[in-house]
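Let's take a friendly walk through the charged pairs and the nonpolar packing of this protein. Please keep the structure open beside you as you read.

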Amino acid sequence: MSAVALYRAAVILGAVALLEALCLAGFIDKLTMPPPHRIVMDLWALLASGRLNGAIAKTMTNAAIAFALSLVAGIAIAVLIHAYRTAREVLDPLFATYYAVPIFAFYPLLIILFGLGDAPQILIGFLLGVVAVIVNTLNGLDRVPRVLRKTAAVHRLGPLETALTVTLPFAAPYVLTGVKLAVAYALIGIIGAEFIMSRGGMGYEISFAFTNFDNATMYPLIVLILLISIAVNGALSRWERRLLSRRGLV
């Protein structure tokens, strides 16, 4: 492990140890939060029982769909916008202020338009994730050297071929930054929508457990979401470092 990874692990373990000590010493009431070791035991029991497998599968499936839509649409839109300078100049300020818009405020409208199924939740996750992909893909495309574009022109590559074989591969590390953000935003969107109005999913189960003071369900589900996010982003970060190391940037 690198020194940075060791320091990061030490900080996390130190924070967990401090939380454990505060809980066991009574500074944090058990009704408010159980000690971390208890949460881990409850998570193991929850997964072993399979009681919430359906809720977990529902949330992860919807988050994966929202993420995939964000990735495909975000990259395609970024490539199109980058090709047209006027469109870029018009949309750049909108992208800069996009996340000031309360996306969840549109959830009732989406329910009216698409019903009470999974579609409104997926759309919320998509709307939160797609702009992160667009902005970071544009950032990467801006850094593509002119010589690569001229080489593509010499070989008479069309716009689609140029994007797929030249510009996007060069911009891949920047695109991956947007991908990591889209993963987080998709999860936030899906789980947040389940909190507001849903009869299933991890967000609904966390909300229901909170209302009923069921710490044995609420905290393990929160930890599970954190673990999934960390695992996915960790894998993407390793891939990003490999891409950068091949170019001598790490």
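Arg88 and Asp92 join their side chains in a salt bridge, with an N to O distance of 3.1 Å. This is a predicted model. Both residues belong to helix H4, where a spacing of four residues puts them about one helical turn apart. Arg88 is buried, at 17% relative accessibility, because the cut-off for buried is under 20%. Asp92, at 32%, is partly exposed.

Helix H4 (residues 85-97) also holds Arg85 and Glu89, again four residues apart. Here Arg85 is exposed at 67% relative accessibility, and Glu89 is exposed at 53%. In helix H2, Arg38 and Asp42 are likewise four residues apart; Arg38 is partly exposed at 35%, while Asp42 is buried at 14%.

| Salt bridge | N to O distance |
|---|---|
| Arg38 and Asp42 | 3.1 Å |
| Arg85 and Glu89 | 3.5 Å |
| Arg88 and Asp92 | 3.1 Å |

The structure has six salt bridges in total.

Now to the nonpolar packing. Which residues have the most contacts inside the largest nonpolar core? They are Met202 and Leu221, in a core of 23 residues. Helices H2, H3, H8, H9 and H10 each give at least two residues to this core, and H10 provides the largest share, five residues. Beyond its neighbours within four places in sequence, Met202 touches several residues, including Ala55, Ile56, Met60, Leu221 and Leu224. A second, separate core has 16 residues, among them Tyr98, Tyr107, Val130 and Val131.

Technical notes: Residues are numbered from 1 along each chain as its sequence is written. This is a predicted model: local features need pLDDT of at least 70, side-chain atom pairs count only at pLDDT 80 or more; totals for chains, interfaces and linings use all residues. Side-chain values use heavy atoms; hydrogens and water are left out. A nonpolar core is a set of buried Ala, Val, Leu, Ile, Met, Phe, Trp, Tyr and Cys residues joined through side-chain atoms within 4.5 Å. Buried means under 20% relative accessible area, exposed over 50%, partly exposed in between (1.4 Å probe, protein chains only). Contact means heavy atoms within 4.5 Å. A salt bridge is a side-chain nitrogen of Lys or Arg within 4 Å of a carboxyl oxygen of Asp or Glu.
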